[in-house]
Amino acid sequence: MFITNTDWEFSDAASVKKAGESMWPTMQAAGALVFYAFQTSETSGRTTIVWPDAAVAHAAIDDLRAAASKLADMKVVGSVAGEVMVHRN
């Protein structure tokens, strides 16, 4: 498994939540397995997407970020990604 984390700045948390909810089917179609979005301050948040592997993530992530930015007043301010080292349920 592979994880992408993206940090966002935005002006309206409600529009970002709505954008995230509407983007999920597109993320799934691109290969995403799990999606989380966290509000980290009044004007910032982080998204985490779990992918089956790095190739699937890298093929999709730029287009998904661009699409999300068009749905809400938000911009990417940072990102990290990597292979899952340990997974427990």
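**Exercise 1. In which sense do E2 and E3 pair, and over how many bridges?**

Solution. Keep in mind that you're looking at a predicted model.

Step 1: find the two strands. E2 covers 34-41 and E3 covers 44-51.

Step 2: look at how they're connected. A hairpin of 2 residues takes you from E2 to E3.

Step 3: read off the pairing. E2 and E3 run antiparallel to each other, with 7 bridges between them.

Step 4: pick out one of those bridges. Ala37 has Thr47 in E3 as its bridge partner.

**Exercise 2. Work out whether Thr47 is buried or exposed, and list what surrounds it.**

Solution. Thr47 sits in strand E3.

Step 1: check its accessibility. The cut-off for buried is under 20% relative accessible area. Thr47 comes in at 13%, so it counts as buried.

Step 2: collect its contacts, skipping neighbours within four places in sequence. You get Thr4, Asn5, Thr6, Trp8, Phe35, Tyr36 and Ala37.

Step 3: look for a polar contact. The side chains of Thr47 and Trp8 make one, at 3.0 Å.

**Exercise 3. Describe the largest pocket: what is its volume, and which residues are closest to its centre?**

Solution. Step 1: start with the volume, which is about 360 Å³.

Step 1: move on to the lining. It's made up of 26 residues, and Val16, Phe35, Ala37, Thr47 and Met74 are the closest to the pocket's centre.

Step 2: ask which elements take part. Strands E1 (2-10), E2 (34-41) and E3 (44-51), along with helices H1 (13-29) and H2 (54-71), each give at least two lining residues. H1 provides the largest share, with 7 residues.

Step 3: sort the lining by residue type. You'll end up with 15 nonpolar, 8 polar and 3 charged residues.

Technical notes: Residues are numbered from 1 along each chain as its sequence is written. This is a predicted model: local features need pLDDT of at least 70, side-chain atom pairs count only at pLDDT 80 or more; totals for chains, interfaces and linings use all residues. Side-chain values use heavy atoms; hydrogens and water are left out. On a 1 Å grid over the protein atoms alone, a cavity is a set of points where a 1.4 Å probe fits but cannot get out, and a pocket is an open set with protein on both sides within 12 Å along at least five of seven lines; lining residues have an atom within 4 Å of a point. Grid points are joined across faces, edges and corners, and a volume is the space filled by probe spheres set on the points. Helices (H or I, at least four residues) and strands (E, at least two) are DSSP runs, numbered from the N terminus. Ala, Val, Leu, Ile, Met, Phe, Trp, Tyr, Cys and Pro count as nonpolar, Asp, Glu, Lys and Arg as charged, and the others, Gly among them, as polar. Buried means under 20% relative accessible area, exposed over 50%, partly exposed in between (1.4 Å probe, protein chains only). A polar contact is a pair of N or O atoms within 3.5 Å; within protein, one must be able to donate a hydrogen and the other to accept it, and residues adjacent in sequence count only if both atoms are side-chain atoms. Contact means heavy atoms within 4.5 Å. Two strands pair if DSSP finds at least two bridges between them.
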